[in-house]
Amino acid sequence: MQDCLFCKIINKEVPVEIVYENNKVVAFKDIHPKAPIHLLIVPQKHIPSVDHLEIQDKELIGELFLTAQKIAREQRIAQTGYKLVFNVGRGGGQVIDHLHLHLLGGWKSEKERDIPGMP
Ligand code: AMP
Ligand code: ZN
């Protein structure tokens, strides 16, 4: 997708801090972090949102979650806990139309965890 920011990031046309990548997914730091650790895990394949998933994307969805689990362990937030969020559509707070899983964590307290605009 020519005009998709996350496709450009995947193709290395827009620089970001990549923390993990394989042939199916890329994970990078969110430019406006809403938590001490805020990463976005995106499929290499352009899929606009959860609402656009098809049956053949079943395995790819598993890959997104398992990548989140792996990174959370590497970043040492698995024990304290973290949030995984998909915003879906404008009404759901989605502004970039390329599927992405938010991985948020690293808070020092429950109070610090309550993020405005996040569930
Ligand atoms: P959403 O609101 O679910 O569509 O989330 C989009 C996320 O992309 C937001 O948290 C933005 O801060 C993040 N974002 C936008 N542009 C960039 C960028 N160039 N690099 C990294 N993250 C970005
Ligand atoms: Zn895209």
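**Around the ligand**

Modeller: Let's start with the shell around ligand 1: helix 1 (5–10) and strand 2 (25–29) each give it at least two residues. Helices (H or I, at least four residues) and strands (E, at least two) are DSSP runs, numbered from the N terminus. Bear in mind that this is a predicted model, where local features need pLDDT of at least 70 and side-chain atom pairs count only at pLDDT 80 or more, while totals for chains, interfaces and linings use all residues. Residues are numbered from 1 along each chain as its sequence is written, chains are lettered from A and ligands numbered from 1 in the order in which they are written, and side-chain values use heavy atoms, with hydrogens and water left out.

So who is around ligand 1? There are 17 residues, each with a heavy atom within 4 Å of the ligand. The closest are Asp30, Gly93, Val95, His100 and His102. Sorted by type, the shell has 8 nonpolar, 6 polar and 3 charged residues. Here Ala, Val, Leu, Ile, Met, Phe, Trp, Tyr, Cys and Pro count as nonpolar, Asp, Glu, Lys and Arg as charged, and the others, Gly among them, as polar.

Now for some atom pairs. A polar side-chain atom of Asn87 is 2.8 Å from an oxygen atom of ligand 1. With Val95, a backbone N or O atom is 2.7 Å from a ligand 1 oxygen atom, and for Ile96 the backbone N or O distance to an oxygen atom of ligand 1 is 3.0 Å. On its own, ligand 1 would expose 510 Å², and the protein buries 87% of that (areas by the Shrake-Rupley method with a 1.4 Å probe).

How values were computed. A polar contact is a pair of N or O atoms within 3.5 Å; within protein, one must be able to donate a hydrogen and the other to accept it, and residues adjacent in sequence count only if both atoms are side-chain atoms.
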